[in-house]
Structure formats: structure tokens, C-alpha cells
Amino acid sequence: MDHFLYRNGILHAEDVAIPEIAATVGTPFYVYSAATLTRHFRLFDEALSGIDHLVCFAIKSNSNIAVLKLLGDLGAGMDVVSGGEYRRAKAAGVPGERIVFSGVGKTREEIHLALTGGIRQFNVESEPELIAISEIATALGVTAPVALRVNPDVDAHTHEKIATGKSENKFGIPIAKARKVYALAASLPGLRVTGVDVHIGSQLTELAPFEAAFRKIRELTTELRADGHDIRRLDLGGGLGIPYTRSNEAPPLPVEYVGVIKDVLGDLGCEIEIEPGRLISGNAGLLVSSVIYVKEGEGRKFLILDSAMNDLVRPSMYGAWHDIVPVTEPAPGTPVAPYDVVGPVCETGDTFARGRALVPLAPGDLVAFRSAGAYGASMSSEYNSRPLIPEVLVQGDRFAVIRARPSFDEMLARDTVPEWL
Ligand SMILES: *Cc1c(COP(=O)(O)O)cnc(C)c1O
């Protein structure tokens, strides 16, 4: 459920009309609903009530500091995958003890940053990384809390580019090797083993792969405890999918997902961490764009928008579907026609949808991409020297620009031409 509905024939974000925002900030822009972000965080948090838990928002899905502050103030922890994301979490006021650090290639600088700024735990993905953390913690005279991310070799049944839990993926420590690496962790100075971590992929639309992974984690936890490790915390990653189109079958609900966690792992006496990203931020955002031209091609009609693959890369990168809706509600029964919806970037891949059934649209009309709050702005680039687009947060009847569109002067000023040229 989200808070983007038509009212009096105009699409609104909560109580704010989309054209009002467009008139203020210009198109294209992202707009997020505070009520939707809050609602989605609470779905997880409330489902886990009764167990010691922390819901860590995966910052990579939406890294705007205002979004992080909103969630942090609700009690969310943060899952970061880089020093930049760690700094964002801190800038949003989230304390180090609520930040977990994931990712296969943490640099020594990043490890140092987290150890000096405070960290709940490193989710460690290899032996060399474990050794690096031990060395840096020892040099600093501190103890680093670590969980090992294990790769359970489970097929997440999702897009190959976002499946992370198969043995051929770069992520985690093969589960068969885990006991050996835990023994290494226990033997190294400067480390405290806190738990086990797993994350099998993103946009999962079934519970079975989660259940299979959690069963393997259960078995491993029992073995590790028998080996003498004090396993108190299980970090189960993120990955629960969202409906990108209303006609699709609905993915499982957070309460059903948490039900599997409780069924499989609830009696181990462990604190539970989860790292949802998409399910919290995805349906909490729209990308709003204007039609520049309608072009009649050879047997097809192109709707050319002012947003492009650099603003929302998911369709060209993953072949992803986003519902595209006109901001002015069409009268019931308005006939639809197939459009190829494209951006101005000079790539054929700059195509949002092919043959999409849309009502007639004209230059200047506003359209909105739904479910664009996750992996939208955070994956955007300046390709074709297109400035990063603004982000707007709505709460009730107010809205604020939470990232301004840079001027071309600001954009160009980042380049320098050497004197000798
Ligand atoms: C990407 C990622 C997540 C979040 O995944 P979603 O599908 O957005 O829930 C959580 N944990 C880790 C380690 C990730 O890489």
C-alpha cells in the first residue's frame, strides 16, 4: 500500500498535488511519501515485536539523508555497504551501535572509519577481510564485533543480477567452509564473534528460498555453538520483493516473511536483525516526468520523456517493469494505445517500456513511474551530462526538496583542466 492516489482527478503524494511540486521544482524529480516509509518500516518492526530485534534499512535502496533520518527516528538501524553510506547514516543521526556494515570489498579506510566512529557489527565476507579487520582493530586497541556472511547456496528465484546466495555468486563464505572461518575468527585478536549473517538476493517473490536459507542458518548456528562460539545474533539480510505492477501476483507480506523467521529460528534465543531496503522505500517513491515529444515511428509510437535511464536505470539494467501513470486521471473508458516509453539518452537501452498501453498523451503532460523509491535515485548517474534530479519528501500537506537539482555551473565546476593543457 502507498499514499499516491488520485484526488479530484489529479495524482497526489499524500495531501500534495503532484503538479504543484512539478511547478516548484521542475521535472523530472523523485517524490517520497513519509507516511508510506513509516508504514513499511512499522510492518517489519511490529511483526518482530516480542523478539529482540533490529530492522536495519538497506541504505543502498534509498540513501537520501532525510529518508534515513525519518527511519532512524522511528528506531531503525542501517545496513551500509560503503564508507559513503556509513557517513550518510551518521549524518542522519543514527548511532554507530545501530549500523551494520555489509559488502564484499570493505577497504582498510572504511574499516578504520567504522571502528573509530562506532559500529554494531561487520558482516564479513572472506578470510582476508577478517584478517584486515583484526589487524586494524588491534592497532586501534578496540574489539570489532563480527558476523560472518555465509553463502547458503540457495536459489532465490529472482533476476540473475540480484541473486546473491548461490555458490557461484561473489558473496559470502561458502557454508561448508563456515566452521573453519569461525575458528579463524575466534583465534584472531581484536575480534568478537557476535553472530551469523546471510542475504540471498533481492526482489524475492516467494518465501521458500528464505525458508531454505534460514534452515541452513539454524543448522549452522547449532554446530557453531557446539564448537564453542557464542552466537547471539542472526542477521537475515533483506530481499523481500514488492509488487511492481498491480496485475502481478502479490509477493508475501512482511508479516508472513517474519512468520517464517519465527517458525524456523524463533526458539534459538538469538536477537534477529533484518535488512529490508526495497520493501520499505520502493513503493514510497514516484519518479515524475514530463512528455517532451510524441514521435510517430515506423509502426510504433514513441513517448519521449524528460527522464532517462540515468535517472531510473532499473528497466534498462534488469528489464524491470514500472507502472507508468498519467498525473491527470484519464476519464473512465478512455481508449489506450501502445507506446514505447523512452528517454533522451543516446542508447537504445534508454527504454522504460515497449508497447505500453497508455491513454493519449501530449507534450507537457506529466507522468509518474510507480514503485520508484528504491534503487531509483540511489542508482542514478549524470550520463549524457544530465544533472542528478531533485528528490522531494512529502509529509501530509507539506513538502520539501531534500536534494536540490544542481546547477550546470556546479556540475561543470567539478572538472578541472590542468594548466599544462
Ligand atoms: C541489497 C542488500 C539488502 C537489501 O535488499 P532489498 O532487496 O532492497 O531488501 C540487504 N542486505 C544486503 C547485504 C544487501 O546487499
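**Close-up views of the pocket and its ligand**

**View 1. The largest pocket has a volume of about 530 Å³.** The model is predicted: local features need pLDDT of at least 70, side-chain atom pairs pLDDT 80 or more, while totals for chains, interfaces and linings use all residues. Residues are numbered from 1 along each chain as its sequence is written, and side-chain values use heavy atoms, without hydrogens or water. Among the 27 lining residues, K60, T164, F171, H199 and Y375 are closest to the pocket centre. (A pocket is an open set of points on a 1 Å grid over the protein atoms alone, where a 1.4 Å probe fits, with protein on both sides within 12 Å along at least five of seven lines; lining residues have an atom within 4 Å of a point.)

View 2. By class, the lining has 10 nonpolar, 8 polar and 9 charged residues.

**View 3. The ligand takes up the largest pocket.** Around the ligand are 15 residues (a heavy atom within 4 Å); K60, S202, E275, R278 and Y375 come nearest. This shell divides into 3 nonpolar, 7 polar and 5 charged residues.

View 4. Taken alone, the ligand exposes 390 Å², and the protein buries 94% of that (Shrake-Rupley method, 1.4 Å probe).

How values were computed. Points joined across faces, edges and corners; volume = space filled by probe spheres on them. Nonpolar A, V, L, I, M, F, W, Y, C, P; charged D, E, K, R; others polar. Sits in = over half its atoms within 2 Å of the grid points.
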